Amino acid sequence: MQQNWENKFSTWAQPPGKTETERCENTEAMVRKAIQASSKLKARDVKVFSQGSYRNRTNVPGESDVDIGVVCFDTFFPNYPSGTTRETFGNSPASYHYAQFKDEVGEALVSYFGAGAVSRGNKAFDVRETTYHVEADVAPFFEHRRYATDGTYISGVEMQPDKGPRIINWPEQQYANGVAKNDRTGRSYKALIRIIKNLRNEMNDAKAPQAAPIVGFLNECLLWNVPDATFQQSTYWAAVRGALVSLFGNTQTDATCSEWGEVSELKYLFRPSQKWTRQQANDFVVAAWNYLGMT
């Protein structure tokens with residue numbers, strides 16, 4: 001049984017193949033061309049970037065779409081320290097607003113891909129798949145700045161959905177931290193992410209209820225909080241077992257993982273604002289252990 005799982009883990013651990021990678025790269029390039037072709041956006045300070053599992057090379061079959069961010073730096077959303085305002089830091093009121101920017105991103109995508117290929121969602125635009133490129137979720141952002149009292153700031157991205165609360169992400173910090181941990185663990189960190197994602201998908205297909213709430217990003221963050229030494233084993237089976245032991249022990253109570261962060265280390269992993277809970281993570285770890293027949 002263990003050997004059968006080791007063979008499956010070895011397959012699951014592999015990064016995306018060349019053809020799938022090329023189709024993802026084509027998608028990003030085409031979105032960039034769409035933005036550059038816009039008469040309204042070409043004069044703006046705009047950056048198109050990949051984000052999520054595609055950029056981090058942790059995508060697996062079943063995650064066929066690409067997350068593309070379009071961030072504008074002409075306006076930023078600030079987070080000021082208590083007792084300070086924009087005047088404290090000499091910032092001016094915005095003259096270009098997020099709603100206008102999102103509309104213009106949508107216009108650029110429709111102009112390039114065609115109206116039938118693009119649909120507007122609450123958070124992002126969906127660009128439909130073709131034989132040349134994969135499906136894309138294109139999310140408009142303004143820069144987000146988390147200020148310190150000395151005027152320095154950490155730069156992230158922020159969106160304001162059509163409905164619901166704002167969303168702040170830290171894609172550059174997430175990417176850099178993930179690469180560093182992968183290097184420290186001899187490339188085992190991202191291999192285990194792909195293994196656990198595939199395991200979760202197989203469990204979900206088998207109707208294991210504990211698998212449904214465990215989205216791919218949560219898997220990446222859970223493994224981010226596993227000590228580096230746990231990944232450095234002679235077999236994938238041993239590494240997966242060690243990771244599940246570590247996660248089980250640390251997600252049994254709120255106290256043992258209250259300081260855990262997302263991969264960026266700029267957002268807490270378990271807080272009421274998150275769409276998952278510590279208990280869901282623990283339930284999944286127990287279910288995964290039993291599904292694998294570990295002892």
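Which residues of α4 are buried? In α4, the buried residues are Y98, F101, K102, E104, V105, G106, A108, L109 and F113. Here "buried" stands for under 20% relative accessible area, "exposed" for over 50%, and "partly exposed" for what lies in between, with a 1.4 Å probe and protein chains only.

The model is predicted, so local features are given only at pLDDT of at least 70 and side-chain atom pairs only at pLDDT 80 or more, while totals for chains, interfaces and linings use all residues. Residues are numbered from 1 along each chain as its sequence is written, and side-chain values use heavy atoms, with hydrogens and water left out.

**Stop 1: helix α4**

Keep α4 selected. Helices (H or I, at least four residues) and strands (E, at least two) are DSSP runs, numbered from the N terminus. The expected span of a helix is 1.5 Å times one less than its number of residues. For the 16 residues of α4 this gives 22 Å, and the end C-alpha atoms are 22 Å apart, which agrees. An α-helix has 3.6 residues a turn, so residues three or four places apart point the same way. Next, select G114, which follows α4 and has a positive phi, near 100°.

**Stop 2: helix α6**

Select α6, which has 18 residues. From its first C-alpha to its last, α6 reaches 26 Å, close to the 26 Å expected at 1.5 Å a residue. Of its 18 residues, 14 are buried, so α6 is largely enclosed by the rest of the structure. Just after α6 comes K207, with a positive phi of about 70°.

**Stop 3: aromatic pairs**

Now show the aromatic side chains. Rings of Phe, Tyr and Trp (its six-membered ring) pair if their centres lie within 6.5 Å; planes under 30 degrees apart count as stacked, over 60 as edge-to-face and the rest as tilted. By this rule there are 21 aromatic pairs.

Select F89 and Y147, whose ring centres are 4.8 Å apart and whose planes stand at 35°, so the pair is tilted. This pair links distant parts of the chain, 58 residues apart: F89 is in the loop between β2 (66-79) and α4 (98-113), and Y147 is in strand β5 (residues 136-147). F89 counts as buried at 18% relative accessibility, and Y147 counts as buried at 9%.

Move on to Y189 and F231. Their ring centres are 5.9 Å apart and their planes lie at 85°, so this pair is edge-to-face. The pair joins helix α6 (residues 188-205), which holds Y189, to helix α8 (residues 228-231), which holds F231, across 42 residues of the chain. Both Y189 and F231 are buried. Then select W5, F9, W12, W237 and Y291, which ring pairs link into a cluster.

**Stop 4: charges over rings**

A charge sits over a ring if NZ of Lys or CZ of Arg is within 6 Å of the ring centre and within 35 degrees of the ring normal. Next, select R271 and Y268: the charged end of R271 sits over the ring of Y268, 3.8 Å from its centre.

**Stop 5: the largest pocket**

On a 1 Å grid over the protein atoms alone, a pocket is an open set of points where a 1.4 Å probe fits, with protein on both sides within 12 Å along at least five of seven lines; lining residues have an atom within 4 Å of a point. Grid points are joined across faces, edges and corners, and a volume is the space filled by probe spheres set on the points. The largest pocket holds about 1,600 Å³ of space. Of its 48 lining residues, select the closest to its centre: I167, N169, F217, K267 and K275. Strand β5 gives the most to this lining, with five residues.

**Stop 6: single residues**

Select N219, in helix α7. N219 is buried, with a relative accessible area of 2%. Its C-alpha atom is separated by 9.0 Å from that of R200, 19 residues apart along the chain.

Finally, select R57, in the loop between α3 and β2. R57 has a positive phi of about 60° although it is not a glycine, and with a relative accessible area of 38% it is partly exposed.
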